[in-house]
Every structure is written in structure tokens, then in C-alpha cells.
Amino acid sequence: MPSRIRAAWTVAAVPAVAAALLTAPATAAATAAGPDWSARPAAGGTAGPGAGDRTYFYLEGGPGSALQDRLSIVNRGKRPRTVQLRSAETAPDAPSAARGSGAWISLAAKRVTVPARTRADVPFTLTVPSETPPGDHPGAIVVTGGGREVRVPVHLRVSGRALAAISVEDVKVVKAGGGAAIHYALVNRGNTVLTPRLAVRADGLFGEVLRRGARTLPVELAPGRRMRLTEKWPDAPALDSVDVTLTVTAAGGAHAAGSAGYTAAPWGVLAGAAALALGAVAGGGAWLLRWRRGRHHAGDGDGDAPTEQAREAREAREPAGTGSGATT
């Protein structure tokens, strides 16, 4: 494999450096438009869409296949330009089983000097490991020089059954300024790159308070990648108890939903309610104390009455005695 790569460099790159004398094109490369040099996929490569003027590499093959393409470096300056090349991952936070194809790229050269107003085409080979699962495995080729860095995306599709799956996690609604913010996380559970669409709905005590139709989010989720996002809600209700539901869809049948509760109440209302509650508790306690004291006093009076009645009854039952001065 290394000998074939070196041979490809000799055949493809050297003639391009020696003979491809260029004039500045009318349209700069979308991946790396710059004042004096750019990097982009070479025209007429193996990619399908837009092979004449590509902004990224698209390669497709099965596990164990070796796929080849070329990177063009254009020097529009008046002096030679030396650049460094390396492969890289586009989703370094993804699990190892879903890491991109950057580690599978072998470049024909890692340092290239391009003469003034000349183009150099650098071949590379992407070897798909035999145990690679089907689906999308993105990577990139990074070119640096003259204080600039350019990343040219590499989209690898490994043939096999594609699975599109996504989940919505950690939904939380918090107060933010005069409104609220909805925080959540999206996780790609499948093996294809997803561009998710988000719909938002919120229902309060008296009905619906928010309805946002599905819209495409400006993000791409590589397989296994987790991304935290925030949805602004500037006109959130100031006094309500709300259930917020996020619904996410993506191509291939991916569908998921997540929800969270949110209670909004101004501090003045809360303070007033707390004062009323404390006043009601204090008033109820005072009434109960007076009631218990009244019962206690009434019980004391009732206890004396039987004692007086018993004394009078005893006196009535005593026989009348004779006087001490009676005569016989």
C-alpha cells in the first residue's frame, strides 16, 4: 500500500506542480477561499455530487475497501507556498465505535511546497477497516500554512443497512431575562449523519401558550455524537405552570420527543401569597387558642355545680334534732 501511494504521488502530483500554471479562478473554493492559497477536492474525483467543483469528499465502499481521491492545493501568490497536511476527526467527542474516518486516511505527502501560481494535487487513500459498521463515518483533511488552517470534509458512507435514530435528553426550562430558555441535548443513536428538525410546544393551565412548527436546525450530528442546544423563549408566560415538549425528526425515519415542566411566577406574587398564607395560619392559631381557653373556663364552672348540689342534698336528708332545753 505505501508503494502504491508514493507512485500515485509521483504520477499525479509532480506533473500538476510542474505543468498546471493557473490564472486565478472567478469563484474561490467554498471550503477555503483565501488571499493567496486554497485547498479543495480535485476536480473529476470519485465523488458523485458536483464532481466538477466539489466542496467536500464523498467516498462510499464496504468494510475492507481501499478508496482513493486527490486534494488540490492552489497557490495564487507570487511566491512559493509550503503547507502541512494531516487527517483529522470531525467528531472527536463521539464514542470510539462511531469515530470518523480521519484515522483511516493515508496522505501521499504531509508537507508540500507549491510554486507561485501553481496547483498541486495530493493523492490519498482511505482504507475502511474490515470490522467497520455500516453508515456514515465523517473525517477531514486539514491543511495549514501562512497562519491559516483549512479543513476539507471527508464524508465516508460504508455500505450496509442504514439506521437513523435520535434521542432528546436532559430537557430543562429555566428563567432567562424577561423570558425563558429551553436547554436540551440531542444524541445520534444510529449510524447515519443526521440533520435534525425541531418542533416546540408548551401547554399551560389555561391551554396552549407556545407552538413552533418543525424547522431544520443548523447542525449535523455524526453517529454517536451528543450535542447540547438551547431554544430561546423570550415571550414565556410570567405566571403559569407549563409543560414543554420538544419533538425532533430527521431523514430516514428518526423521531424522538422530550419534555419538562416549568412554573413561572413573579416574586411579588410569590411574596404576597406567602404573606397571606402566614396571616391565615396566624389567625387560625389565635382563634384555636381562644376556643380552647373558653372550653377550659366552661369546664371549671360545671365542676363546682355538682359539689353545691351534693351539700344541699345532704342537709335535706339530715333528721331534725331536739332542742337542748326540753323538759321531761
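Reader: How many bridges pair β10 with β11, and in which sense?
Author: This is a predicted model. In it, β10 and β11 pair in the antiparallel sense. One facing couple is Lys175 opposite Ala180 in β11. The number of bridges between β10 and β11 is nine.

Reader: Which residue in the hairpin of β10 and β11 takes a positive phi?
Author: The hairpin of β10 and β11 has two residues between the strands. A positive phi near 60° occurs in this hairpin. The residue that takes it is Gly177.

Reader: Which strands stand at the edges of the open sheet, and why is one side of each left without a neighbour?
Author: Three strands form the open sheet, in the order β10-β11-β14, with antiparallel pairing. Two of them have a single partner strand each, so one side of each has no neighbour in the sheet. These edge strands are β10 (166–176) and β14 (226–233).

Reader: What is the average twist from one strand to the next in the sheet β10-β11-β14?
Author: The sheet is open and its pairing is antiparallel. From one strand to the next, the twist averages 20°.

Reader: Are the rings of Phe57 and Phe124 stacked, tilted or edge-to-face?
Author: A search of the whole structure finds two aromatic pairs. In the pair of Phe57 and Phe124, the ring centres are 4.9 Å apart and the planes stand at 80°. Planes over 60 degrees apart count as edge-to-face. So the pair of Phe57 and Phe124 is edge-to-face.

Reader: How many residues apart in sequence are the parts that Phe57 and Phe124 tie together?
Author: Phe57 lies in strand β2 (residues 57–61), and Phe124 lies in strand β7 (residues 118–127). Phe57 is buried at a relative accessible area of 0%, and Phe124 is buried at 1%. The pair therefore ties together parts whose separation in sequence is 67 residues.

Reader: How is the pair of Trp233 and Tyr262 classed?
Author: Trp233 lies in strand β14 and Tyr262 in strand β16 (residues 254–264), so parts 29 residues apart in sequence are tied together. Both Trp233 and Tyr262 are buried. Their ring centres are 6.4 Å apart and their planes are at 55°, so the pair is tilted.

Reader: Which residue lies over the face of Trp37?
Author: The distance to the ring centre of Trp37 is 4.4 Å. A charge counts as over a ring within 6 Å of the centre and within 35 degrees of the ring normal. The residue over Trp37 is Arg148.

Note on methods: Residues numbered from 1 in each chain as written. Predicted model: local features only at pLDDT ≥ 70, side-chain atom pairs only at ≥ 80, totals over all residues. Heavy atoms only, no water. Pairing = 2+ DSSP bridges. Helix = DSSP H or I, 4+ residues; strand = E, 2+ residues; numbered from the N terminus. Axes fitted to C-alpha atoms, helices over the stretch in contact; angles between N-to-C directions. Phe/Tyr/Trp six-rings, centres within 6.5 Å; stacked < 30°, edge-to-face > 60°. Buried < 20%, exposed > 50% of the residue type's maximum accessible area, 1.4 Å probe, protein only.
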